[in-house]
Amino acid sequence: MTSATFSENFQPEQGSWKRYFSFNTDAKVIGIQYIVLAFFYFLIGGLLAMIIRGELITPASDLVDRSVYNGIYTMHGTIMLFLFIFPVLNGLNNLLIPTMIGAPDMAFPRLNAVAFWLVPIFGTLLISSFFVPGGPAYSGWWSFPPVSIQNPIGTFVNGQGLWITAVALSGVSSIMGAINFVTTILRMRAPGMGLFKMPIFCWTALAAQCLQLVGLPALTGGALMLLMDLSFGTSFYRAEGGGDPVLYQHFFWFYSHPAVYVIILPVFGIFSELFPVYSRKPLFGYVYVALASFIIDFLGLIVWVHHIFPSGVAQWMRNFFMFSTMLIAVPTGVKVFAWLGTIWRGKLRLTTPMLFCLGGLFNFVFAGITGIMLATVPIDIHVSNTYFVVGHFHYVIYGAAVMGIFAAIYHWFPKFTGRMPYEGLGKLHFALTFIGANLNFLPMHPLGLMGMPRRVSSYDPEFAFWNVLASLGAFLLGVSIIPFLLNMISSWVRGEKAPANPWNAIGLEWLLPSPPHEDNFGDFVPTVISRPYGYGSGLPLVENQAAYEQALKEN
Amino acid sequence: MALAISVVALVAASWWMGQQAYHWMPVQASTAAPLVDGLFSFETALGTFVFGAVVAVMLWVVVMHRADKYDESDAVPIEGNTRLEVIWTVIPLVVVMAIAVYAMRVNTTLGVLGPMEHIHMADAREEQGGFAGDRLPTEQVEVISRQWSWEFRYPQDHVSSSELHLAVDQPVTLRLVSEDVIHGFFIPAFRLKQDLIPGRAINFNITPTREGRYRLRDSQFSGTWFAANQADVVVESEETYKAWLKNAATQPLQPGLSDAVGQYEARKKLKNPGWATVPPAPPPQVNVPGSNTLPHDA
């Protein structure tokens, strides 16, 4: 590579499609592998959601058997979290982190590929549980014992055992990924890119992956003990053997609450990247926004008990965890206000990614307010384990996180595929998603306040009206994915060829051709001289920026 | 001026939403309900204000600050404002801490209404009333949950029932016990909820305040017939309650309510009965079987 010229290094890659089915170590290939596979599982998880909402459109349990319903909602939650949202975010991390920081690849490329290939392995394991005698796990994605250790089929191989094994493997994959992302961000940044010249997406990814490293061992240990209780007759959680079922809840939520921040922090990063581009302004309060990620990290680790207030925790614990949970609203609010500051008096371009960001922010603010309500012990006592929580959670995960992920996909699609997405289909996708999500998840709040428990396959008739609305919203949300898939497939196959920087954005990745060369900048790694998001300032981001832009033009 | 009018309008709308919030809840049927509803109304009003303000700014920007069609230029590069950033850190901090202090006071009052901490079965002293003995009322009802039925026992009167009967305005201690998995004792009209943990007896105090028939729902997922694991709570005047107890004691024991048992038997006859399930516990033997189809207030 040392003999290559500056211009030659900027030849875009024309690889075969077969590389996406191979043990490839290029982070960009792995990123696309992650994202495409995640959406494959997203369709399966979404289909299960349609069955759930089909069952709940009438009060009676009349579409599927109750045990089948329980298996389906368990698998819906598990697939969406472990096979869709974590992998799709890992995909974005793979695409964006090395290119954003000027690294040729991830720090440990083979480990990266192994982490990815574990996903189809544990995904197959999990999906195969539909076909084992007795059906898949039926005790929810949180799998609280004693229900999760009952094993009514009595065989050693059973759906719950496969579920635990798959979740443990998911943890192994995520830890591999976390080690890689943290090392890459801390050790492989381009010259001149100090931490406070790093794009916010890298800050949020770093914060999220640090949480994985701290929290995941608790879940993995808790799950291992659950497997031993289920398969080997131990009594960690079995009350009749001296165990404590509530102990599992602590292990589980110690990780699984921070897991929400593992999901939402990178989405905050996406919002922070995209609002400046489509408002043509720098990110307002960059340093505050960056540091807020780590404050969220710290606080996120001491809030888990708010999930189990009705489990009989002492009054002082209720008060402590209520205070700590509420404090999270402060750094989160800092970010929201910073985004408002960014778009304020901007020159807004309502492209598809920008619409998804604005819609995601709208939903996230709503979710934040219901989140404060849930943190408040007396209200939580009433609405915990009701549809209010389901509504809140889906506003965060679908309303904000998935919307942010769609924004990211539309924004960086040209960079990594070399093709432009169709704007009309994108806007149709946004409109259907925004209306569908709100019609689906808003009615869940009155249902919860009225006292409808979550996880039920039938309900009293007074809940029917809001459930019909929620189901119609869910079906609309299901339909919304059609223009997205059409857009992605058709524009990737025959969309307009993408220039290097179609959005006129500032960032190292936009100094690369679309799609970038395998080792990104090769030997010509730029030296960063400015903070990101220099819209309107006229300052170049890197030394000798004109030469990079010229090289792109020549190719 | 326009800003002042907007703020006043938003405050009025928020206050109105706060009042509406009372109607989103079931009827208030316990001493806890007005406290919880008051807090919820307050948070709804505050939340409406914040949400309304943020969305108003977003809409304003989207309408007023759009780039012209051929305008490729950048906006004015404002990177930050320390004073503003400090203000919008401190104000939310003060607001959420104020909510937390208010909620803590309600929480403490709810704690006075009924201690909710665990009482371990192994500790006889605790089992007899423990730390809150001086506050315990005389009436005590045992609540036993199983996969998937509820049983309510009145040990002093030798009565067992599938319905929970309570006297209005009389504090009662419920001794919550689970015989298998975790269940959730949840009466929406009472705004109270408590998990039943296997291996522990939990004393739980409530005071109903409104006569009527209410639903008790299992709030903690308990397996296949979790959704059908419901029972009725009947709150009545003290005279009616005493008469019910007296009459119930004369009734012979008979199988109580258990939708799960009936559905399990029907399911076994199907060609394709679905995935594996834990067989339901036999229906409890009770003096009063109750009904699952009577109209209820909430």
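Reader: I'm looking at helix α14 of chain A. How are A:Lys427 and A:Glu423 separated there?

Author: By about one helical turn, because the two are four residues apart in helix α14 (residues 423-441). A helix here is a DSSP run of H or I with at least four residues, a strand is a run of E with at least two, and both are numbered from the N terminus. Keep in mind that this is a predicted model, where local features need pLDDT of at least 70, side-chain atom pairs count only at pLDDT 80 or more, and totals for chains, interfaces and linings use all residues, while side-chain values use heavy atoms, leaving out hydrogens and water. Residues are numbered from 1 along each chain as its sequence is written, and chains are lettered from A and ligands numbered from 1 in the order in which they are written.

Reader: What do A:Lys427 and A:Glu423 form?

Author: Here's the general idea: side chains of opposite charge can pair when their charged atoms come close. The cut-off for a salt bridge is a side-chain nitrogen of Lys or Arg within 4 Å of a carboxyl oxygen of Asp or Glu. A:Lys427 and A:Glu423 make such a bridge, their closest N and O atoms being 3.7 Å apart.

Reader: Are they buried or exposed, or in between?

Author: In between. Buried means under 20% relative accessible area, exposed over 50%, and partly exposed lies between those (1.4 Å probe, protein chains only). A:Lys427 is partly exposed at 35%, and A:Glu423 is partly exposed too, at 29%.

Reader: How many salt bridges are there over all chains?

Author: The whole structure has 19. One of them pairs A:Arg280 with B:Asp74, with 2.9 Å between the closest N and O atoms. A:Arg280 sits in the loop between α7 (258-279) and α8 (286-300) of chain A, and B:Asp74 in the loop between α2 (32-64) and α3 (82-113) of chain B, so this pair joins two chains. A:Arg280 is buried, at 2%, whereas B:Asp74 is partly exposed, at 28%.

Reader: Which residue does B:Arg215 form a salt bridge with?

Author: With B:Asp232, where the closest N and O atoms are 2.8 Å apart. B:Arg215 belongs to strand β10 (residues 212-218) and B:Asp232 to strand β11 (residues 230-236) of chain B, so the bridge ties together parts that are 17 residues apart in sequence. Both B:Arg215 and B:Asp232 are buried. They also belong to a network of salt bridges that links A:Asp460, A:Glu462, B:Glu163, B:Arg213, B:Arg215, B:Arg217 and B:Asp232.

Reader: Let's zoom out. How many helices and strands does chain A have?

Author: Chain A has 17 helices and zero strands. Its radius of gyration is 23 Å, close to the 24 Å that the globule rule gives for 555 residues, so chain A is as compact as a globular protein of that length. That radius is taken over C-alpha atoms, and the rule is 2.2 Å times the number of residues to the power 0.38. The C-alpha trace spans about 70 × 50 × 45 Å along its principal axes, and 67% of the 555 residues count as buried.

Reader: And what radius of gyration has chain B?

Author: Chain B has 26 Å, while a compact globule of 298 residues would have one near 19 Å. Along the principal axes, its C-alpha atoms fill a box of roughly 85 × 55 × 40 Å. Chain B has six helices and 13 strands, and 52% of its 298 residues count as buried.
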